[in-house]
Amino acid sequence: RVTSAYQAFQQCGAALRPRQRGLLYQKSRKSHKISTFWSHSWRGGHWKKLLTLVIFYNGTAAVSLGFLAGLVMMLLCSFE
């Protein structure tokens, strides 16, 4: 069974939290192909897994927006 990344990340990754794991099954569907495999081992902390997935899927956008925000702040501070 598979589920989309956006469904797993809904409500700040609520489906990935220990008490809410059954939510992913409800959002999943049968498939013959898996585009990206996420480990199903939950022995590690759920926050570490959630942070890793957010960085993996949103890392480029976060770095780009952070850089842009830094440039804007630098320009605004130069007008003081």
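## Getting started: the helices

Helices here are DSSP runs of at least four residues, numbered from the N terminus. With that in mind, welcome to this predicted model. The protein chain holds three helices and zero strands. Read from the N terminus, its elements follow the order α-α-α.

The chain has 80 residues, and buried residues account for 18% of them.

## How confident is the prediction?

For the protein chain, the mean pLDDT comes to 77. A value of 70 or more is reached by 74% of the residues.

Which helix has the lowest mean pLDDT, and which the highest? Helix α2, covering residues 22–27, is the lowest at 69, while helix α3, covering residues 46–78, is the highest at 86.

Y25 is a residue of helix α2. Is Y25 buried or exposed? Y25 counts as exposed because its relative accessibility is 54%, and the cut-off for that class is over 50%. In sequence, Y25 and R1 are 24 residues apart, yet their C-alpha atoms are 8.1 Å apart in space.

Moving along, I34 sits in the loop between α2 and α3. I34 has a relative accessible area of 52%, so this residue is exposed too. Its C-alpha atom is separated by 6.9 Å from that of V2, although I34 and V2 are 32 residues apart along the chain.

## An aromatic pair

How many aromatic pairs does a search of the whole structure find? The search finds one. The pair is formed by F56 and Y57, and its geometry is edge-to-face. The ring centres are 4.9 Å apart, with 90° between the planes; this angle counts as edge-to-face because it is over 60 degrees.

The two partners fall into separate accessibility classes. F56 is exposed because its relative accessibility is 58%. Y57, at 33% relative accessibility, counts as partly exposed, because that class runs between the cut-offs of 20% and 50%.

S64 can be found in helix α3. What lies 2.9 Å from a polar atom of the S64 side chain? The answer is the backbone oxygen of T60. With a relative accessibility of 42%, S64 is classed as partly exposed.

## A nonpolar patch on the surface

The surface also carries a nonpolar patch. Its members are L65, F67, L68, L71, V72, M73, M74 and L76. Together they have about 810 Å² of accessible area.

L76 counts as exposed because its relative accessibility is 52%.

Note on methods
Residues are numbered from 1 along each chain as its sequence is written. Side-chain values use heavy atoms; hydrogens and water are left out. pLDDT is the predictor's confidence in each residue, from 0 to 100. Helices (H or I, at least four residues) and strands (E, at least two) are DSSP runs, numbered from the N terminus. Patches are made of residues with over 30% relative accessible area and no salt bridge: like charges are joined within 9 Å, nonpolar side chains (Val, Leu, Ile, Met, Phe, Trp, Tyr) within 5 Å. Accessible areas come from the Shrake-Rupley method with a 1.4 Å probe; for residues, only the protein chains shown count as cover. A salt bridge is a side-chain nitrogen of Lys or Arg within 4 Å of a carboxyl oxygen of Asp or Glu. Buried means under 20% relative accessible area, exposed over 50%, partly exposed in between (1.4 Å probe, protein chains only). Rings of Phe, Tyr and Trp (its six-membered ring) pair if their centres lie within 6.5 Å; planes under 30 degrees apart count as stacked, over 60 as edge-to-face and the rest as tilted. A polar contact is a pair of N or O atoms within 3.5 Å; within protein, one must be able to donate a hydrogen and the other to accept it, and residues adjacent in sequence count only if both atoms are side-chain atoms.
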